[in-house]
Amino acid sequence: MANGISSKIHRSIPWKNCRIPGRAENIKMNTHAPQQIAVFRTDRIGEVLLSTVAVDILHRNYPTAQITFFTSEYAAGVLSGHPGITRIVPLKSFKPGQTFRPAVRLAGQLRKTSFDMAVILNPHKALHLACLLAGIPRRCGFDRKWCFLLTRRVLDTRDQGEAHE
């Protein structure tokens, strides 16, 4: 289960000189390694827990980066104490049909930290738009729900049932 998401995140990050995909010890760091990374997973607690594998990969490959995890208010507690997460930011859930207003509010919050990379683990129009409006130069996520706003897209194959995310 967790291997599916970790391999997708691994493939979505702009690596240089990969020798063996999936083996972090064989990956040379990108010359422009991000210093501030925003990770988004704003849905259920179980999905948030599965996302910690992606945080581990980011932390291993960008050890000096500050990783901020944006999640739902009720899932924020399960992330406390994770060694790869610098800060946890609880977000109010988005109401159906609302995209623009929540995105603008979140973009203002994101601009304060000057993130240079965003990893959006659950596709949501408001998250994609907020990261664009905040001026985050590298925006990685699944190829769904306004994915044209992302700079790196990962093919979403969940509907094929091969692995859970």
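This is a short tour of a predicted model, with stops to select one after another in the viewer.

Where pLDDT is low, the predicted coordinates should not be read in detail.

Next, select Ala-65, which sits in the loop that lies between helix H3 (52–61) and strand E2 (66–72). Its relative accessibility is 5%, and because buried means under 20%, Ala-65 counts as buried. Now show Pro-34, Gln-35 and Ile-37, with which Ala-65 is in contact once its neighbours within four places in sequence are left aside.

Finally, select helix H4 (residues 100–111) together with helix H5 (residues 125–133), whose axes are 8 Å apart and which pack at an angle of about 45 degrees; the two helices are therefore oblique to each other. Viewed as a pair, H4 passes H5 in a right-handed crossing. To display the contact itself, show the side chains of Phe-100, Ala-103, Val-104, Leu-106, Ala-107, Leu-110 and Arg-111 on H4, and those of Ala-126, Leu-127, Leu-129, Ala-130, Cys-131 and Leu-133 on H5. Coloured by residue class, the contact of H4 with H5 divides into twelve nonpolar residues and one charged residue, with no polar ones.

How values were computed
Residues numbered from 1 in each chain as written. Predicted model: local features only at pLDDT ≥ 70, side-chain atom pairs only at ≥ 80, totals over all residues. Heavy atoms only, no water. Axes fitted to C-alpha atoms, helices over the stretch in contact; angles between N-to-C directions. Helix = DSSP H or I, 4+ residues; strand = E, 2+ residues; numbered from the N terminus. Parallel < 35°, antiparallel > 145°, perpendicular 65-115°, else oblique. Left-handed = near helix turned anticlockwise from the far one by under 90°. Contact = heavy atoms within 4.5 Å. Nonpolar A, V, L, I, M, F, W, Y, C, P; charged D, E, K, R; others polar. Buried < 20%, exposed > 50% of the residue type's maximum accessible area, 1.4 Å probe, protein only.
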